Amino acid sequence: MSAEQIGFAFILLGLFIVIGKWVRVYTPLLQQLYLPSSIIAGLIALLVGPEVLGRLMTALTSDDHLLSQGLINLATLDVWEALPGLFINIVFATLFLGKSLPSLSKVWHIGGPQVAMGQMVSWGQYVIGLLLVLLILTPFFGVNPLAGALIEISFVGGHGTAAGLGNTFAELGFAEGQDLAIGLATVGILTGVIVGIILINWGARKGHGQYVGGAQKLSSTGRNGIVELDNRDSGADMTTRPESIEPLSLHLAYVGIAIFVGWLLLEGLILLEAYTWGAWTDVYLMIYVPLFPLAMAGGIITQAFSDRFDKFRVIDRKMINRIGGFSLDILIISALATISLSVIGENIIAFVSLAVVGIIWNIFAFLVLAPKMIPSYWFERGIGDFGQATGITATGLLLMKVADPENKTPALEGFGYKQILFEPFVGGGLFTAASLPLIFQFGPTAILILSAIITLFWLLFGLFYFGKK
């Protein structure tokens with residue numbers, strides 16, 4: 001593949017980003033759904049690509065029609081297919097860069113209830129997914145048992161995790177799992193926003209949500225995603241002078257260092273496994289684990305060194321956010337644009353079943369368990385956990401903004417602290433990445449038992465430790 005083809009593929013990505021943004025600006029329904037422009041752009045690219053427009057033109061005309069592949073050529077799609085697996089490393093490397101990590105005691109005091117709630121819901125998604133696979137999908141429909149991990153990978157992990165695990169799916173003989181996971185992630189975001197807004201309106205009527213008002217505040221021109229001219233803030237702080245080095249270049253370099261540290265960690269674990277338990281048991285797991293959860297660990301290590309030795313504090317969190325946000329947009333658009341609708345159609349029973357049970361579990365956890373596990377402001381805190389458990393972190397932040405627009409509760413602070421004890425393990429963390437090889441090596445029953453034990457632990461801990469406060 002030539003450099004020109006790669007460059008043209010990125011130019012087309014930029015075109016679809018602009019189209020997606022302006023479609024959202026002038027479409028009130030999409031604004032009311034709070035649908036990110038990147039998802040709109042990815043869906044538009046999917047519609048005009050070979051999966052929709054190409055198939056339609058082939059069915060109406062012939063296989064050699066000018067638009068038989070849609071408006072996007074195969075070389076561009078080949079580039080896009082490789083992007084999610086690359087950009088997910090950047091997204092995870094930026095999660096903790098530029099943040100001075102608080103003490104664990106402070107994290108636990110403020111965010112502990114949400115840690116327990118989030119862990120319980122995420123591990124519970126493995127339980128219900130594996131139960132569905134073992135009892136129905138595998139025996140009656142021949143679905144690969146690895147599908148039992150798709151709910152947590154897609155709902156909590158989101159498009160980034162789903163796309164980033166593409167090579168792992170393929171290496172374990174479940175290549176269609178990536179398309180199913182990306183499709184489920186899309187369903188999760190839509191459901192998280194729509195059901196979340198319904199729950200917020202219900203909570204306001206019932207008196208559970210005391211500070212609901214964000215819906216009205218976001219109904220102005222701000223809902224279209226454009227910041228008013230008089231209210232615009234800087235996207236980042238200049239921590240170095242451009243004549244010395246461009247600040248963006250320096251921050252990209254730090255992200256690269258974080259990914260490199262993560263790669264060293266992964267290679268070290270692979271080597272350790274090869275000479276220890278792998279050689280003793282002939283069971284190998286680390287060779288299937290992708291790089292991105294270790295890139296997150298690399299970001300933490302890089303930031304720790306920066307806190308210790310960099311007296312100038314040149315890593316700016318806002319600049320890191322811009323890099324991570326850009327990478328996530330590229331990842332989402334390229335992942336959605338290259339999804340195989342035929343694969344989803346061939347596995348529609350598994351797809352719908354996993355989506356339905358995952359949504360039901362999340363709603364049950366919020367309405368029934370959150371009031372018993374979160375001692376104060378359960379509604380404002382729990383709605384953020386519901387949003388993240390259904391449609392990634394951004395959805396949780398959005399719902400909390402609607403439920404508590406002026407941050408009068410500790411929901412937002414606790415949600416932020418929660419990520420420190422949450423993201424490294426589930427929601428795209430180490431266990432999320434290792435869940436597929438673990439099911440492959442030890443079978444779904446063993447991982448079901450493990451997940452059930454951990455789910456029960458966090459449930460009881462939340463009920464009897466935080467719930468009694």
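Predicted model: local features only at pLDDT ≥ 70, side-chain atom pairs only at ≥ 80, totals over all residues.
Good morning. In this protein, residues 24 or more positions apart account for 79% of the contacts with a separation of 6 or more.

Let me begin with the overall architecture. The protein contains 21 helices and 0 strands. Its C-alpha atoms fill a box of roughly 70 × 60 × 50 Å along the principal axes. A compact globule of 469 residues would have a radius of gyration near 23 Å, and the protein, with 22 Å, agrees with that. Of the 469 residues, 52% are buried.

How many cavities of 30 Å³ or more does a search of the whole structure find? The search finds 1. The volume of the largest cavity is about 40 Å³. Its lining consists of M117, V121, N362, A365, F366, G382, D385, F386 and A389. Which helix gives the most to it? That is helix 18, with 4 residues.

Q125 lies in helix 6, which spans residues 104-141. Its relative accessibility is 0%, so Q125 counts as buried. The side chain of Q125 reaches the backbone oxygen of A389 at a distance of 3.0 Å.

Now to the open space. The second largest pocket has a volume of about 250 Å³. It is lined by 18 residues, and those closest to its centre are E81, D179, T338, I339 and S340. The lining divides into 11 nonpolar, 4 polar and 3 charged residues. Several helices take part: helix 3 (37-47), helix 4 (50-60), helix 5 (74-93), helix 10 (176-206) and helix 15 (317-337) each contribute at least two residues to the lining of this pocket.

I420 lies in helix 19, residues 411-422. Is I420 buried or exposed? Its relative accessible area is 19%, and because the cut-off for buried is under 20%, I420 is classed as buried. Leaving aside neighbours within four places in sequence, I420 is in contact with F96, P102 and V107. I420 and V402 are 18 residues apart along the chain, and their C-alpha atoms are separated by 24 Å.

R313, in the loop between helix 14 (292-309) and helix 15, has a phi near 50°, a positive value in a residue other than glycine. With 43% relative accessibility, R313 counts as partly exposed. Y377 lies in the loop between helix 17 and helix 18. Y377 is not a glycine, yet its phi is positive, at about 50°. The relative accessible area of Y377 is 32%, so this residue is partly exposed.

Thank you for your attention.

Conventions
Residues numbered from 1 in each chain as written. Heavy atoms only, no water. Buried < 20%, exposed > 50% of the residue type's maximum accessible area, 1.4 Å probe, protein only. Polar contact = N/O pair within 3.5 Å; in protein donor to acceptor, adjacent residues only side chain to side chain. Contact = heavy atoms within 4.5 Å. 1 Å grid on protein atoms, 1.4 Å probe; cavity = no way out; pocket = protein on both sides within 12 Å on 5 of 7 lines; lining within 4 Å. Points joined across faces, edges and corners; volume = space filled by probe spheres on them. Nonpolar A, V, L, I, M, F, W, Y, C, P; charged D, E, K, R; others polar. Rg over C-alpha atoms; globule rule 2.2 N^0.38 Å.
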